[in-house]
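Colleague: I have the new model open and would like to go through it with you. Could you take my questions as they come?

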Amino acid sequence: MSDEEATTPAPSERLLRGQQRQAEMSYGPAEGQYHNPMQDVAPDLVSLITEFAYGDIHSRPGLDPGQRQLVILGVLTALGDTERQVANHTRSALGAGLSPHAIVEAIYQTIPYVGFPRAIRALQSVTATFEKFDVVGDLPWNRPNGKGRTD
């Protein structure tokens with residue numbers, strides 16, 4: 001047994017709770033959703049995020065997972081330069097039961113506060129995620145009867 005194996009602790013309760021919350025919001029195959037592209041430099045990054053964001057904060061009472069995802073998408077849109085995170089949380093929002101329409105409307109709601117450029121960048125990530133999971137047709141304006149189109 002190597003020194004590293006001997007000192008690697010068992011997963012914490014926070015990590016297990018966070019992983020459970022992530023699994024509850026899973027949409028489609030999980031490959032790559034929680035991938036750490038900096039594994040060789042920061043191997044604990046995903047565990048830290050999972051423990052804190054999902055095990056501590058996301059697991060609190062008061063908001064259901066879909067409501068939390070709407071808040072998260074709004075904040076990520078406001079921050080800007082968060083395309084990967086917007087894509088991941090769009091996927092989690094779908095997994096939490098939100099409709100594609102609700103997700104688009106949440107991003108629209110940010111426009112008066114964060115401006116068009118940030119909302120457009122977020123919508124580009126949302127669009128790519130919707131295309132990946134083949135839910136673009138679920139938007140009301142893309143249904144055969146066209147109901148829901150606002151233009």
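Predicted model: local features only at pLDDT ≥ 70, side-chain atom pairs only at ≥ 80, totals over all residues.

Colleague: Where is the largest nonpolar core, and which residues have the most contacts inside it?

Modeller: The largest nonpolar core has 18 residues, and those with the most contacts inside it are L73, V86, I103, V104, I107, V126 and F130. At least two residues of this core come from each of α4, α5, α6 (100-114) and α7, with α7 giving the most, namely five residues.

Colleague: Let me stay with F130 for a moment. What is in contact with F130, leaving aside its neighbours within four places in sequence?

Modeller: With those neighbours left aside, F130 is in contact with T90, L94, P100, I103, V104, V135, V136 and L139.

Colleague: P100 is on that list. Is P100 buried or exposed?

Modeller: P100 has a place in helix α6, and it counts as buried because its relative accessibility is 7%, where the cut-off for buried is under 20%. Not counting residues up to four places away in sequence, P100 touches L94, F130, V135, D138 and L139. The C-alpha atoms of P100 and G137 are 9.3 Å apart in space, although these two residues are 37 apart in sequence.

Colleague: Switching to the other end of the chain, at what angle do α2 and α3 pack?

Modeller: The angle between α2 and α3 is about 75°, and their axes are 7 Å apart. Since angles from 65 to 115 degrees count as roughly perpendicular, that makes α2 roughly perpendicular to α3.

Colleague: Which residues meet there?

Modeller: From α2 the residues are R14, L15, R17, G18, Q19, R21 and Q22, and in α3 they meet S47, T50, E51, F52, Y54, G55 and D56. By type, the residues of this contact between α2 and α3 divide into three nonpolar, six polar and five charged.

Colleague: Which residues of α3 are buried, and what covers them?

Modeller: In helix α3 (residues 45-57) the buried residues are T50, E51, Y54 and G55, and what covers them includes α2 (13-24) and α5 (83-95).

Colleague: What about I49?

Modeller: I49 lies in helix α3 as well, but I49 counts as partly exposed, because its relative accessibility is 42%. From I49 to G18 the C-alpha distance is 8.8 Å, with the two residues 31 apart in sequence.

Colleague: Last topic, the backbone. Which residues other than glycine have a positive phi?

Modeller: As background, most residues other than glycine have a negative phi. Here D81 has a phi near 55°, which is positive in a residue other than glycine, and D134 likewise has a positive phi, of about 55°.

Colleague: Where do D81 and D134 lie, and are they buried or exposed?

Modeller: D81 lies in the loop between α4 (65-79) and α5, and with a relative accessible area of 66% D81 is exposed. D134 is found in the segment after α7 (116-132), and D134 counts as exposed because its relative accessibility is 68%, where exposed means over 50%.

Notes
Residues numbered from 1 in each chain as written. Heavy atoms only, no water. Buried < 20%, exposed > 50% of the residue type's maximum accessible area, 1.4 Å probe, protein only. Helix = DSSP H or I, 4+ residues; strand = E, 2+ residues; numbered from the N terminus. Contact = heavy atoms within 4.5 Å. Core = buried A, V, L, I, M, F, W, Y, C linked by side-chain atoms within 4.5 Å. Axes fitted to C-alpha atoms, helices over the stretch in contact; angles between N-to-C directions. Parallel < 35°, antiparallel > 145°, perpendicular 65-115°, else oblique. Nonpolar A, V, L, I, M, F, W, Y, C, P; charged D, E, K, R; others polar.
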